[in-house]
Amino acid sequence: MTFHERTNVQTSEPMTSVASVSSDQISRSRRPVLALGAVIGAGVVASSCAAQAPQDTWSPAGENAQMIHNLQWPIFAVAGIVGLIVFAAVGYAVWKFRDRGQPIPEQTHGKPALEIALTILPAVILAVIAVPTVSTIFALADTTDTECVVNVTGQQWWWEYDYPIADDGSICGFMPTAGNASPIITSGQMVLPVGTKVLVRGTSRDVIHSYWIPRLNGKKDMVPGRVHYLRLETDTPGIYAGQCTEFCGLSHANMRMEVIALERADFQKWLDNELKPYQAPETAAAKAGETVFIQQCARCHQINGLVDPINGELVVSAPDQFVWSGAAPNLTNLMMRNTFAGATWDLLSPQCRARVWEAAPEEFGERFLEGVTPECLNTVDLREWLRNSPAKKPMYADAEMLEVTDGKTRGMPYLALSEDQIDLLIAYLLERK
Ligand SMILES: [Cu+2]
């Protein structure tokens, strides 16, 4: 059958089957429309009633996010109005000209006046929107006014932060209260002073990642071999959550990050605590845990100042020899952060976590600086991690697999630790704060 014959069949068919439509049929045909309307309405109500979402682009908490917000609101409104007009016009046409068995209307081609108008109108709208868009892009890209530097490196699958020492010996504009500064290296949570414009110098060690804290600024891709700049600034103490927004491999979904904003005095306390000398383990369990750590973990994980009691030498990690990404988180003050493994799991139990997350801005710094106490530790997730990390956070397509090539694994490998070793390690790690 040729195309021609088929169209003939189709156009002739309805003409022979003109039939009166019963009221029963109409009400049945309206039901899906009503149901759809109800679902959309319920969705709108539910989303507007929901509590403050941690990654809400509509509630900016810093100057950069505010600039984006000031731009996106009016554009959203204009686009929304255009969208409603289009929906209404389509709905009207679909209803008005629905098939009632009438003959097809007379076919015409072209309507120059309408076509020119519908080309010029969107062009004008886009040209008007371009003016504030371009100026906001330039304003956001300006990092000349920043007061503090943090280096951010994307790893598979976690973020590393290091706080370099400025020429005057300060870190992020703060002088250490005691002794000289040394670079602070941490992971998962980036601690910042409020009211300070921070220059993030971002890169990646392996694949392209993207850094995004929706309440503080837009996204910035972190690309191996390049350094990209991002300005972060927040006015209110608290936790600002984000997640990697560039697909970066198997555990991309487990690569989150948080910005912890502290009052200036609290930031100074955090900084001084990070720089204090190594504290030898206090309890017998922690002492035994230190030995397990040196044997099982120290080849990948650095704990600053850790000395091997057997030979009196400083223990220095060499993750580049054991993991493909070439890095592992610095665990010096692990219990001063409240998340681990790409900020995906909490080091705090749910009640203790809520105490920090729901703290009023005035109380937030004090609660955060308590770190993880033994009563507050989320032992379930940390034990699962130490028992078998690849089973918890996919690092190999097959979780049972321990794929070692040239002596290297991807991410933290399965270490076959006994439950007793895990007890001792946890006793030791709980003192790292
Ligand atoms: Cu990533």
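Colleague: Which residues in α9 meet I422, L425 and I426 in α11?

Modeller: In this predicted model, T379, L382, R383, L386 and R387 of α9 meet those residues of α11. By class, this contact has five nonpolar, one polar and two charged residues.

Colleague: What makes β3 and β8 the edge strands of their sheet?

Modeller: The open sheet has five strands in the order β3-β2-β1-β5-β8, with mixed pairing. Both β3 (184-187) and β8 (228-232) pair on one side only. On average, neighbouring strands of this sheet are turned by 25° against each other, direction ignored.

Colleague: How do you know that β5 and β8 pair?

Modeller: Pairing requires at least two bridges between two strands. Five bridges join strand β5 (residues 198-204) to β8, so the two strands count as paired. They run antiparallel. Among the residues involved, G202 has H228 in β8 as its bridge partner.

Colleague: What percentage of the residues of the chain count as buried?

Modeller: Of its 433 residues, 31% count as buried. A buried residue has 20 or more other C-beta atoms within 10 Å of its own. The secondary structure of the chain comes to eleven helices and twelve strands.

How values were computed. Residues are numbered from 1 along each chain as its sequence is written. This is a predicted model: local features need pLDDT of at least 70, side-chain atom pairs count only at pLDDT 80 or more; totals for chains, interfaces and linings use all residues. Two residues are in contact if their C-beta atoms, placed from the backbone, lie within 7 Å. Helices (H or I, at least four residues) and strands (E, at least two) are DSSP runs, numbered from the N terminus. Ala, Val, Leu, Ile, Met, Phe, Trp, Tyr, Cys and Pro count as nonpolar, Asp, Glu, Lys and Arg as charged, and the others, Gly among them, as polar. A residue is buried if 20 or more other C-beta atoms lie within 10 Å of its own, exposed if 12 or fewer, and partly exposed in between; C-beta atoms are placed from the backbone. Axes are lines fitted to C-alpha atoms, for helices over the stretch in contact, and angles run from 0 to 180 degrees between N-to-C directions.
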